[in-house]
Amino acid sequence: MPQSLGPGLFRATRYPNLPILQRFADATGKGAFYRLADHGINGAYCMDGAVHHGFETVAAAILAR
């Protein structure tokens, strides 16, 4: 459960009151990709997965230390 807390705060789909990932996408110029939901691609889903793996990488680096 605790390992899901960090990425969970960035999900706009599960926590609509905390759209940090959407704000980050807009700030970095990737808002159009975030809102993409066509041709079998969901930008929010892809960006959420990327953030999740980023948190896993940071956690693994900290634990391996």
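Q: At the start of H4, which residue has a side-chain oxygen that reaches to the backbone nitrogen of Ala44?
A: The model is predicted. In it, the contact sits at the start of H4. The side-chain oxygen comes to within 3.1 Å of the backbone nitrogen of Ala44.

Q: What span does H4 reach from its first C-alpha to its last?
A: H4 has 22 residues. At 1.5 Å a residue, 32 Å is expected. The model comes close to that, at 31 Å.

Q: Within what arc do the buried residues of H4 fall, seen down its axis?
A: Gly43, Ala44, Met47 and Asp48 are the buried residues of H4. An α-helix has 3.6 residues a turn, so residues three or four places apart point the same way. The buried residues of H4 line one face of the helix, because they fall within an arc of 130°.

Q: Which exposed residues does H4 carry on the face turned away from its buried side?
A: Exposed means over 50% relative accessible area. On the face of H4 turned away from the buried side, the residues that count as exposed are Tyr45, Ala50, Thr57, Leu63 and Ala64.

Q: Which elements give two or more residues to the largest nonpolar core?
A: This core has five residues in all: Leu21, Ala25, Tyr34, Ala44 and Met47. The elements giving two or more of them are helix H2 (20-27) and helix H4 (43-64).

Q: Which residue forms a salt bridge with Arg35?
A: Side chains of opposite charge can pair when their charged atoms come close. The structure holds one salt bridge. Its closest N and O atoms are 3.1 Å apart. The partner of Arg35 is Asp26.

Methods: Residues numbered from 1 in each chain as written. Predicted model: local features only at pLDDT ≥ 70, side-chain atom pairs only at ≥ 80, totals over all residues. Heavy atoms only, no water. Salt bridge = Lys/Arg side-chain N within 4 Å of Asp/Glu carboxyl O. Core = buried A, V, L, I, M, F, W, Y, C linked by side-chain atoms within 4.5 Å. Buried < 20%, exposed > 50% of the residue type's maximum accessible area, 1.4 Å probe, protein only. Helix = DSSP H or I, 4+ residues; strand = E, 2+ residues; numbered from the N terminus. Expected span 1.5 Å × (residues − 1). Arc of directions from axis to C-beta. Polar contact = N/O pair within 3.5 Å; in protein donor to acceptor, adjacent residues only side chain to side chain.
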